[in-house]
Amino acid sequence: MTLVLFLTGSISAQRVKTGIEVLKSQDFKALYGLRVGLVTNPTGVDNNLQSDIDILAAAPNVKLVALFGPEHGLRGSAHAGSAVGNNSDPETGLPVYSLYGKNRMPSPEMLKGIDVLVYDIQDIGCRSFTYISTLANIMKAAAQSHIKVIVLDRPNPLGGEKIEGNLVEDDCISFVSQIKVPYIYGLTPGELALLLNGENLLGAKCDLEVIKMKKWKRRMTYEDTGLPWVLSSPHIPEAATAPFYAVSGIVGELDNFSIGVGYTLPFRLFGSSWIEASAFAGRMNSLRLPGVRFRPIYYTPFYGPGKGQELQGVQVYFTDYRRARLCDTQFYILQELYKLYPSHDILAEASQNRKDMIDKVCGSKQIRQLFMKRHLWSDAKPYWDKDVDTFRQTAKKYYLYK
């Protein structure tokens, strides 16, 4: 069988215009005469890979006065979870305020002299990827300081049709699950901002405007857009990596198991020193999970779990992306690992801190607890799926694209 790496089907020749491209085509009218605070990172570029920072700094009748950076920093060099400090931008001399350090939300002092916050960051469509928490926080701060928010919209690289996971419960709210949406929420950043405002999920509504994309369709994955990809974090170097974050990122919160982070295939692998690759791949393929297939793999991580050890496991491939259930895959991995190697219960062996992180990322303690009763995904899956249909109906009210 020939396996397709990401998505079967034709690739559109269309070139999507992102929000920054549309703003440029409108001669920056939405920002005329305003003092702008820009919330961005290396992904904030136009179709020719020119940075938003340079574009807005040179825009006529626009005064760029401050820059704000999310997790990984304004220039994207910080590792996941590493605090980032405030500094100044060497290119423009503007102050740079970190929103992933001492402050996760812009303070009133940071917002002094700012009329509008412009948000332009490429997200990957998963709730635990913290950029949407930053989006929520700038909207809260803007509401409190009575300033406007403009979101320059970008594609959801998972497409706009997949929704998976339960809503976040109160005892699991954290920066990796700060807003009550499913784990895969199927919205662009602009649509998500509209939903947060419209459903009053932030406590107060801000003055919000979304600069829509042109030519983006919900069925598109990132490859369909014709847009260049700028790595959204150090371990998401290519657009094709984004859906694999949903495939393995929850299990990746464990520190006793490899998901390929630290090797050349981040988020695409599941491996350990005690796995026999061929037997495990056969077991996973026997499940006949829709849209995915598993290949035996042998590898030695350069860093992270299993550093310097030869590991065995499986590499995940999509054979039909549209049919694939992304998040389910990692729970079937845990299920079959326990059947094959019951002496290696990686969830039970994890530290309490790691178990707590799994719960926070899942948005509920119930997922881990239900699964661990018998190590069967069928015990937890109904809870995982319970909010999807209701959320989809709510989300449709805020669709900007068909």
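## A tour around a salt-bridge network

Arg325, Asp328, Lys381 and Asp385 are linked in a network of salt bridges. Select those four to begin. A salt bridge here is a side-chain nitrogen of Lys or Arg within 4 Å of a carboxyl oxygen of Asp or Glu.

Before zooming in, some ground rules. You're looking at a predicted model, where local features need pLDDT of at least 70 and side-chain atom pairs count only at pLDDT 80 or more, while totals for chains, interfaces and linings use all residues. Residues are numbered from 1 along each chain as its sequence is written, and side-chain values use heavy atoms, with hydrogens and water left out.

**Stop 1: Lys381 and its partners**

Centre the view on Lys381. One of its salt bridges goes to Asp328, with the closest N and O atoms 2.8 Å apart. Lys381 sits in helix 13 and Asp328 in helix 9 (residues 328-340), so this pair ties together parts that are 53 residues apart in sequence. Helices are DSSP runs of H or I with at least four residues, strands are runs of E with at least two, and both are numbered from the N terminus.

Now colour the pair by accessibility. Is Asp328 buried or exposed? Asp328 counts as buried because its relative accessibility is 3%. Lys381, at 22%, is partly exposed. The cut-offs: buried is under 20% relative accessible area, exposed is over 50%, and partly exposed falls in between, using a 1.4 Å probe and protein chains only.

Helix 13 covers residues 377-385. Asp385 has a relative accessible area of 23%, so it counts as partly exposed.

**Stop 2**

Go to Asp170 and Lys180, whose closest N and O atoms are 2.4 Å apart. Where do Asp170 and Lys180 lie? You'll find both in the loop between strand 6 and helix 5 (189-198), 10 residues apart. Asp170 counts as exposed at 57% relative accessibility, whereas Lys180 is partly exposed at 34%.

**Stop 3**

Most residues other than glycine have a negative phi. Keep that in mind for the next two selections.

First pick Asp27, in the loop between helix 1 (19-25) and strand 1 (35-40). Asp27 has a positive phi of about 60° although it isn't a glycine. With a relative accessible area of 48%, Asp27 is partly exposed.

Then jump to His146, in the loop between helix 4 (131-145) and strand 6 (148-152). Phi of His146 is near 60°, again a positive value in a residue other than glycine. His146 counts as exposed, at 72% relative accessibility.

**Stop 4: a buried threonine**

Select Thr225 in helix 6 (residues 222-225). At 0% relative accessibility, Thr225 counts as buried.

**Last stop: zoom out**

Switch to a cartoon of the whole chain. What does the secondary structure come to? There are 14 helices and 10 strands. The C-alpha trace spans about 65 × 45 × 45 Å along its principal axes. The radius of gyration is 21 Å, which agrees with the value near 21 Å for a compact globule of 402 residues; it is taken over C-alpha atoms, and the globule rule is 2.2 Å times the number of residues to the power 0.38.

Colour by burial again: buried residues make up 58% of the 402 residues.

Finish with the surface view. The accessible surface comes to about 15800 Å², of which 49% belongs to carbon and sulfur atoms; areas come from the Shrake-Rupley method with a 1.4 Å probe.
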